[in-house]
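Here is a short briefing to read with the model open beside you. Take a look at the structure first, then work through the points below.

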Amino acid sequence: MKRLFSVVLLFAVMLFSGCGRTENEVRPPFFKVVDKETGGVVYMLGTMHVGTENAVYSDKVYKALDEINVLAVELDLQELEANTAELAEAMQIMMLKGCTAAEYIGEDYSEIREWFIDKGLYNMVYDYYIPAVWSSMLSNKLADDAGFSSDFGTDRMLLTYAKEHNKEIYEIESAAEQYQINANEGKELQIYMLTQTVRTDYDVQIQQMKDLYYAWASGDIEALEGLLSTDEPPEELVEQYEQFYFEMYENRQEKMAKYVTDTLKNGEKAFVAVGAMHYAATPDIIDYVEQAGYTVEKIG
């Protein structure tokens, strides 16, 4: 059975220092695939949606960006933030229908609400959204307290550089597609994962964030998967979790890999930047690309 990933760490996977690196240097999972017949080239990098202001990426990353014509990302976050109408429409997907969070969550609501109040995180607006949104807000708080910021995520760094150098931006997904995945997550599973997080020592969760950052910055995919794996879900939630895992990982990774292989077959050059977990949650992007007959080279 696929192991249960911490709900908080699903939203933010982060990094910093680590063995074998100079101070502030980060070496995220980075790969290259070539189609010798068509001349197609695709670079693939595992990103973190948060980071630190003084993070330093390898020159190999920038050289790869200079070589390609298209930067493919999950979403153009900069464009999404500027398009408030699209963002508001996507958030509608996460809203509760015909009830409040207190009614939806039930007996665990008071505990969760008190925890959010204690952390200075509660906002009455949350009462109109599904538990996955509460988990996302919790993740943002943890990231801040661990010393990270979404302002310095890999996605933003790559998007800024690509736009400054007149590269085409390709969105593999839409905001609505991503939000729908969380909205489709089983009710009982959402509540279970949120309550488990609230009941875990906060300092322990902050340290988990930092440990995850170390693993990502060192390009250690096995460590990433190990840090994100917790106990298996309760038996009554296995079916919900398997479906969520399929939608969150397997299905999306197959779609991402198809973009890679199509680009190669067309003889094009692209840089694919998606969340690092898409290289750790099996079957990962590399599995699908290799199944299509390509050899994936790890860089660095």
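Contact here means heavy atoms within 4.5 Å. With that in mind, leaving aside its neighbours within four places in sequence, Thr 154 is in contact with Leu 45, Thr 47, Met 48, Tyr 57 and Trp 216. This is a predicted model, in which local features need pLDDT of at least 70 and side-chain atom pairs count only at pLDDT 80 or more, while totals for chains, interfaces and linings use all residues. Residues are numbered from 1 along each chain as its sequence is written, and side-chain values use heavy atoms, with hydrogens and water left out.

**Thr 154**
- Thr 154 lies in helix H8 (residues 154-164); helices are DSSP runs of H or I with at least four residues, numbered from the N terminus.
- With a relative accessible area of 1%, Thr 154 is buried (buried means under 20% relative accessible area, with a 1.4 Å probe and protein chains only).
- Asn 266 is 112 residues from Thr 154 along the chain, and their C-alpha atoms are separated by 27 Å.

**The buried side of H6**
- In helix H6 (residues 109-118), the buried residues are Tyr 109, Ile 112, Trp 115 and Phe 116.
- These residues lie on the same side of H6, because they cover an arc of only 135° around the axis (the arc is that of the directions from the helix axis to the C-beta atoms).
- Their cover includes helices H5 (101-105), H7 (131-145), H10 (187-198) and H11 (202-217).
- After H6 comes Gly 120, which has a positive phi near 65°.

**Two helix pairs**
- Two packed helices are described by the angle between their axes and the distance between the axes.
- Helix H4 (residues 84-92) and helix H9 (residues 175-184) have axes that come within 9 Å and cross at roughly 20°, so H4 and H9 are roughly parallel (angles under 35 degrees count as roughly parallel, 65 to 115 as roughly perpendicular).
- Glu 86, Leu 87, Ala 90 and Met 91 of H4 meet Ala 175, Ala 176 and Tyr 179 of H9.
- By class, the contact of H4 with H9 has six nonpolar, no polar and one charged residues (Ala, Val, Leu, Ile, Met, Phe, Trp, Tyr, Cys and Pro count as nonpolar, Asp, Glu, Lys and Arg as charged, and the others, Gly among them, as polar).
- The axes of H10 and helix H13 (residues 238-265) also come within 9 Å, but cross at roughly 90°, so H10 and H13 are roughly perpendicular.
- Lys 187, Glu 188 and Leu 189 of H10 make the contact with Gln 240, Tyr 241 and Phe 244 of H13.

How values were computed
Axes are lines fitted to C-alpha atoms, for helices over the stretch in contact, and angles run from 0 to 180 degrees between N-to-C directions. Helices (H or I, at least four residues) and strands (E, at least two) are DSSP runs, numbered from the N terminus. Angles under 35 degrees count as roughly parallel, over 145 as roughly antiparallel, 65 to 115 as roughly perpendicular and the rest as oblique. Buried means under 20% relative accessible area, exposed over 50%, partly exposed in between (1.4 Å probe, protein chains only).
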